[in-house]
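Q: I am new to this structure and would like a close look at a single part of it. Could you start there and then walk me outward to the rest?

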Amino acid sequence: MAKSIQAIRGMNDLLPDQSPAWQQVESTIRRVAASYGYSEIRMPVLENTALFKRSIGEVTDIVEKEMYTFDDRNGESLTLRPEGTASCVRAGNQHGLLYNQIQRLWYIGPMFRYERPQKGRYRQFHQFGIETFGLSGADADAEVILLSARLWKAFGIADQVELQLNSLGSNEARARYRDALRDYLAQYQEQLDEDSKRRLDSNPLRILDSKDETTQSLLADAPRLSDYWDDESREHFAQLRARLDEAGINYTLNERLVRGLDYYNRTVFEWVTTALGAQGTVCAGGRYDGLVEQLGGKATPAVGFAMGMERLVLLLQEQDKLNPRRAVDAYLMPLGEQAELKAPAIAEQLRDALPELRLVTHCGGGAMKKQIKKADKSGAEVALIVGENELAEQQVTVKPLRSDAEQTTLSHAELVEFLRPLTQA
Ligand code: ATP
Ligand code: MG
């Protein structure tokens with residue numbers, strides 16, 4: 001036998017026993033996004049490398065070490081998208097969606113990062129993202145956060161996630177704070193962990209979320225970001241908090257929350273859970289008022305988030321919150337040559353009458369016992385048996401597979417009414 005080829009490390013197949021869970025999660029997401037008037041946008045998974053360097057920032061984990069970048073046959077540098085916001089802004093600019101307009105957009109799709117694979121962290125993973133363009137007020141930030149909160153409610157995990165909130169202030173305020181933090185930490189350069197030493201000049205804000213204990217203790221007396229906020233950002237943040245308070249959304253203020261990407265200003269937030277171990281952030285976002293202009297468009301305020309779908313599905317499975325619709329409702333078993341001849345036509349009539357019915361027609365003939373085994377394995381709720389007697393009487397025998405209920409023989413019209421409730425479960 002030839003040596004079999006395996007999938008790339010960190011890139012997972014989603015097998016048939018998993019896809020119902022994903023479909024359930026995706027359909028809830030679509031419904032909730034639509035309930036806020038958001039429209040779907042689909043972008044390519046490959047973009048020019050320059051797009052991510054310019055938006056995410058040269059000195060970020062993603063651009064420094066996580067991107068899948070390669071030259072195509074023309075020698076052009078391309079990158080598999082590590083996130084969706086940059087592509088969404090690129091598409092919006094390219095098609096004139098953002099110019100003097102308000103847009104409420106969402107996307108779902110695969111993202112690619114070269115990271116060490118572990119639970120909740122993969123090299124191909126999926127994000128659901130929201131991006132709102134053209135609205136500068138805190139009401140838009142509140143809307144985006146409320147949309148994410150509604151998803152937790154819809155999934156029944158509102159008590160499993162905590163909202164952490166911070167403001168970075170204006171770009172100028174953030175720059176002044178960055179300098180102050182760097183000057184402060186420079187005094188203790190020798191005591192910092194290796195990553196933080198490296199970031200001291202390039203991206204000192206990232207030192208705030210260092211996991212190193214010594215670094216964390218040094219940060220206790222560091223300058224505070226909130227002391228550098230400009231008045232408008234302070235007011236903006238107060239307005240956001242007032243709206244969240246009114247809507248009954250609890251949050252924790254976390255002054256060390258700065259996010260790993262360069263493009264954020266003002267609001268930043270994360271939804272975190274303790275139920276998933278180290279990979280506890282299920283959703284992260286914030287405001288990025290400078291990005292549209294930075295990527296060649298007219299200055300346009302924007303706010304959004306990205307949710308890690310694998311982490312969400314893991315959390316829902318661990319909390320036992322998924323009850324996906326069964327893949328097969330009924331399994332049609334023709335017994336004998338005449339029944340085999342008629343079975344496809346009978347199945348089509350049932351599908352005409354019940355478009356939502358999930359009906360498998362047994363193929364390949366065989367005795368009753370063999371067919372019942374297959375019916376059971378299919379996961380169907382009932383087997384529909386058509387033998388010579390049933391054919392003669394224009395009836396079907398219904399055999400429940402998941403309960404002790406008696407089997408019954410029904411006319412075709414009665415069968416449709418019998419099956420209807422199964423299609424609604
Ligand atoms: P982390 O700190 O976990 O590396 P991040 O700050 O790099 O996250 P973002 O770029 O903000 O993550 O992406 C938003 C969300 O996408 C994360 O909160 C997480 O749920 C998910 N995510 C990010 N990277 C991965 C990955 N490699 N595998 C699975 N999910 C991921
Ligand atoms: Mg990361």
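A: Let us begin with Arg 174, which sits in helix α6 (residues 171–186); helices (H or I, at least four residues) and strands (E, at least two) are DSSP runs, numbered from the N terminus. Arg 174 has a relative accessible area of 8%, so it is buried; buried means under 20% relative accessible area, exposed over 50%, and partly exposed in between, with a 1.4 Å probe and protein chains only. Before going on, please keep in mind that this is a predicted model, where local features need pLDDT of at least 70, side-chain atom pairs count only at pLDDT 80 or more, and totals for chains, interfaces and linings use all residues. Residues are numbered from 1 along each chain as its sequence is written, chains are lettered from A and ligands numbered from 1 in the order in which they are written, and side-chain values use heavy atoms, with hydrogens and water left out.

What surrounds Arg 174? Leaving aside neighbours within four places in sequence, Arg 174 is in contact (heavy atoms within 4.5 Å) with Leu 168, Leu 205, Leu 261, Asp 262 and Tyr 264. Asn 265 is 91 residues away along the chain, yet the C-alpha atoms of Arg 174 and Asn 265 are separated by 7.9 Å.

That brings us to strand β9 (residues 265–272), where Arg 266 is found. The phi of Arg 266 is near 50°, a positive value in a residue other than glycine. Arg 266 counts as buried, at 16% relative accessibility. Gln 394 also deserves a glance: it is not a glycine, but its phi is positive, about 55°. Gln 394 lies in the loop between α14 (388–393) and β15 (395–400), and at 58% relative accessibility it counts as exposed.

Next, find Thr 215 in helix α8 (residues 213–219). Thr 215 counts as buried, with 0% relative accessibility. Its side chain makes a polar contact with the side chain of Asp 193, at 2.5 Å; a polar contact is a pair of N or O atoms within 3.5 Å, where within protein one must be able to donate a hydrogen and the other to accept it, and residues adjacent in sequence count only if both atoms are side-chain atoms. Beyond four places in sequence, the residues in contact with Thr 215 include Leu 192, Ser 196, Ile 207 and Ser 210.

A whole helix can be enclosed too. In helix α4 (residues 85–94), 8 of the 10 residues are buried, so the helix is largely enclosed by the rest of the structure. Among these buried residues are Cys 88, Val 89 and Arg 90, and their cover includes β2 (46–48), α2 (49–56), β5 (103–112), β6 (124–133) and α10 (291–294). Strand β6 holds Phe 125, which counts as buried at 11% relative accessibility.

Finally, step back to the whole protein, which has 15 helices and 16 strands. Its radius of gyration is 28 Å, well over the 22 Å that the globule rule gives for 425 residues, so the protein is more spread out than a compact globule; this radius is taken over C-alpha atoms, and the rule is 2.2 Å times the number of residues to the power 0.38. The C-alpha atoms fill a box of roughly 90 × 60 × 45 Å, taken along the principal axes. Buried residues make up 49% of the 425 residues.
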